Amino acid sequence: MAAPSDPMELEAKVLQVLPHDASAFTEGLEVLAGSLYESSGMYRQSWVQKAHLSSGRVSRRVALPPSWFGEGLTLANGGLWQLTWRERTAVFRDSRTLAELRRVTYDGEGWGLCHDRARGRLMMSDGSATLSLRNPQSFGLLGRITVHDRNGPVSGLNELECTGTDVWANVWPTDDIVRVDPGTGRVTATLHIGGLPHLSRAARRPGNVNGIAVDPSTHDLLITGKHWPHVYRIRPQPPER
């Protein structure tokens with residue numbers, strides 16, 4: 001029997017397959033009121049957009065400056081925070097129009113971002129095992145937390161999604177997503193999603209999993225990846241025996 005400190009092993013039960021913009025080099029994903037907010041990366045190609053979750057129809061897209069590489073994003077305080085990779089700049093946007101409202105700077109790289117509403121903070125990854133904790137209004141640094149399992153720090157943390165009780169983080173460059181206790185940083189489960197259906201061999205490349213969102217209306221997880229033609233509505237569960 002596994003020790004209590006061992007992370008649970010989970011697999012994805014697919015509930016629904018939804019359309020997704022296959023041009024997106026997905027870096028961040030959020031869902032609210034039937035809308036899918038997404039950040040896409042790559043220099044000279046980065047953008048942020050809002051689309052209808054069920055149809056995939058894009059209602060609004062805003063391009064980033066050519067010298068910026070778009071990264072993670074999250075909804076907070078009625079707006080949308082979007083990171084950049086090496087440009088050390090976060091942009092706060094109007095969630096309806098996606099218009100830029102203000103910019104702030106930070107040290108290091110920006111990878112993933114989520115809003116831990118229960119604790120009144122943002123959580124931000126930079127590809128290491130450390131998550132920085134930030135003020136959701138000013139983006140100022142509040143502290144740091146190291147994500148770890150029984151073997152030590154878990155590096156490669158990328159896209160993040162806060163649920164209120166947990167943080168889901170994909171571990172680059174794998175197909176695994178870890179569930180993290182936001183208070184202690186301890187990994188409580190590993191979700192294996194390499195077996196999702198209807199994906200080409202190219203889409204299945206390790207590291208392409210890079211979009212995690214929680215639908216607040218159902219509490220289901222929504223998963224997509226770089227250049228994936230689908231968003232998957234899933235429910236994490238223990239493997240069937």
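The model is predicted, so local features are given only where pLDDT is at least 70, side-chain atom pairs count only at pLDDT 80 or more, and totals for chains, interfaces and linings use all residues. Residues are numbered from 1 along each chain as its sequence is written, and side-chain values use heavy atoms, with hydrogens and water left out.

**Overall shape**

Let's start with the big picture. The protein chain has 22 strands and zero helices; here strands (E, at least two residues) and helices (H or I, at least four) are DSSP runs, numbered from the N terminus. The C-alpha trace spans about 55 × 40 × 30 Å along its principal axes. With 241 residues, a compact globule would have a radius of gyration near 18 Å, and the chain's 17 Å agrees with that. That radius is taken over C-alpha atoms, and the globule rule is 2.2 Å times the number of residues to the power 0.38.

Buried residues make up 53% of the 241, where buried means under 20% relative accessible area, exposed means over 50%, and partly exposed is in between (1.4 Å probe, protein chains only). The chain exposes about 10700 Å², with carbon and sulfur atoms supplying 51% of it; accessible areas come from the Shrake-Rupley method with a 1.4 Å probe, and for residues only the protein chains shown count as cover. As for contacts (heavy atoms within 4.5 Å), take those between residues at least 6 apart in sequence: 50% of them join residues at least 24 apart.

In soluble globular proteins, nonpolar side chains tend to be buried together. A nonpolar core here is a set of buried Ala, Val, Leu, Ile, Met, Phe, Trp, Tyr and Cys residues joined through side-chain atoms within 4.5 Å. The largest one has 18 residues, and those with the most contacts inside it are Ile177, Leu191, Ile193, Leu196, Ile223, Trp228 and Ile234. Strands β1 (8-19), β19 (187-192), β20 (209-214), β21 (221-225) and β22 (230-237) each supply at least two of its residues, and β20 gives the most, with three. A second, separate core has 16 residues, including Val147, Val154, Val167 and Val171.

Trp228 is a handy place to look around. Apart from its neighbours within four places in sequence, Trp228 touches His20, Asp21, Ala22, Leu196, Leu199, Ala203, Asn208, Val209 and Ile223.

Setting aside neighbours within four places in sequence, Val31 contacts Leu36, Leu53, Leu75, Ala213, Val214, Asp215, Pro216 and Leu222. The C-alpha atoms of Val31 and His52 are 9.6 Å from each other, with the two residues 21 apart along the chain.

**The disulfide**

A disulfide is called when a pair of cysteine sulfur atoms lies within 2.5 Å, and the count by this rule is one. The bond joins Cys114 to Cys162, with an S to S distance of 2.0 Å. The link of Cys114 and Cys162 is right-handed, with 45° about the S-S bond. The pair ties together distant parts of the chain, 48 residues apart: Cys114 is in β10 (residues 113-116) and Cys162 in β16 (residues 157-162). Cys114 is buried at 1% relative accessibility, and Cys162 is buried as well, at 6%.

Most residues other than glycine have a negative phi, and most peptide bonds are trans.

| Residue | Phi | Where |
|---|---|---|
| Phe139 | near 70° | hairpin of β12 and β13 |

Ala33 is exposed, at 75% relative accessibility, whereas Asn77 is partly exposed, at 45%. The hairpin that holds Phe139 has six residues between its strands. Those strands, β12 (residues 130-134) and β13 (residues 141-146), pair in the antiparallel sense over five bridges; pairing requires that DSSP finds at least two bridges between two strands. Thr130 has Thr146 of β13 as its bridge partner.

The peptide bond from Trp172 to Pro173 is cis, with omega near 0°. Pro173 lies in the loop between β17 (167-171) and β18 (176-180).
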